[in-house]
Amino acid sequence: RFWIQTQFISAELLEDQLLLLLESLERKIVSQQLKLVRTHITLGSLQGEAGALLSFPHEEEQMLTIALVDLSGVQLQEDESAIPRDQPFEAMAALFVALYTLNLLSG
């Protein structure tokens with residue numbers, strides 16, 4: 001018999017992230033945040049251009065999104081590039097799941 005050992009790394013969202021997610025829900029920008037995370041984070045293009053996906057109707061919404069992603073270990077630059085710090089995969093995966101779930105429940 002062969003036993004396959006599976007390692008599951010879980011990450012939890014920080015309290016600050018939960019508060020930002022709540023504000024995102026109130027501002028109805030979760031779907032756009034999900035699109036940003038899905039396109040530029042989960043597909044491995046961390047150092048790509050965030051481009052038009054980072055365009056929000058109000059500056060406060062853009063700053064909220066930048067802070068949310070930053071707390072997950074990826075810094076969105078003013079030139080719209082994304083720079084990972086350390087190994088942000090687990091934290092970004094947790095953010096992706098939270099955004100996906102909120103988008104599903106609120107849509």
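Trainee: In what order do the elements of the protein chain run from the N terminus on?

Mentor: This is a predicted model, and its protein chain has 4 helices and 2 strands. Read from the N terminus on, the elements run α-α-α-β-β-α.

Trainee: Among contacts between residues at least 6 apart in sequence, what percentage join residues at least 24 apart?

Mentor: The protein chain has 107 residues, of which 33% count as buried. Among its contacts between residues at least 6 apart in sequence, the share that joins residues at least 24 apart is 62%.

Trainee: Which residues have the most contacts inside the largest nonpolar core?

Mentor: The largest nonpolar core has 19 residues. Helix 1 (15-27), helix 2 (30-42), helix 3, strand 1 (74-76) and helix 4 each supply at least two residues of this core. Those with the most contacts inside the core are Leu21, Val37, Val69, Leu76, Met92, Leu95 and Leu99.

Trainee: Leaving aside neighbours within four places in sequence, which residues are in contact with Leu21?

Mentor: Leu21 is one of the residues with the most contacts inside the largest nonpolar core. With neighbours within four places in sequence left aside, the partners of Leu21 are Leu13, Leu68, Leu95, Ala98, Leu99 and Leu102.

Trainee: Which residues of helix 3 are buried?

Mentor: Helix 3 covers residues 59-70 and has 12 residues. From its first C-alpha to its last, helix 3 reaches 16 Å, close to the 16 Å expected at 1.5 Å a residue. The buried residues in helix 3 are Glu61, Leu64, Thr65, Ile66, Leu68 and Val69.

Trainee: How far apart are the closest N and O atoms of Glu23 and Arg27?

Mentor: Side chains of opposite charge can pair when their charged atoms come close. Glu23 and Arg27 are 4 residues apart in helix 1, so about one helical turn separates them. Glu23 is partly exposed at a relative accessible area of 29%, and Arg27 also counts as partly exposed, at 31%. The two form a salt bridge in which the closest N and O atoms lie apart by 3.2 Å.

Trainee: How many salt bridges does the structure hold?

Mentor: Glu23 and Arg27 form a salt bridge. For the structure, the number of salt bridges is 1.

Trainee: Is Leu104 buried or exposed?

Mentor: Leu104 is found in helix 4 (residues 89-106). Together with Tyr100 and Leu105, Leu104 makes a nonpolar surface patch of about 370 Å². The relative accessible area of Leu104 is 60%, and a residue over 50% counts as exposed. Leu104 is therefore exposed.

Methods. Residues numbered from 1 in each chain as written. Predicted model: local features only at pLDDT ≥ 70, side-chain atom pairs only at ≥ 80, totals over all residues. Heavy atoms only, no water. Buried < 20%, exposed > 50% of the residue type's maximum accessible area, 1.4 Å probe, protein only. Contact = heavy atoms within 4.5 Å. Expected span 1.5 Å × (residues − 1). Patch = residues over 30% accessible without salt bridge, like charges linked within 9 Å, V, L, I, M, F, W, Y side chains within 5 Å. Areas by Shrake-Rupley, 256 points an atom, 1.4 Å probe, with all protein chains shown as cover. Salt bridge = Lys/Arg side-chain N within 4 Å of Asp/Glu carboxyl O. Core = buried A, V, L, I, M, F, W, Y, C linked by side-chain atoms within 4.5 Å.
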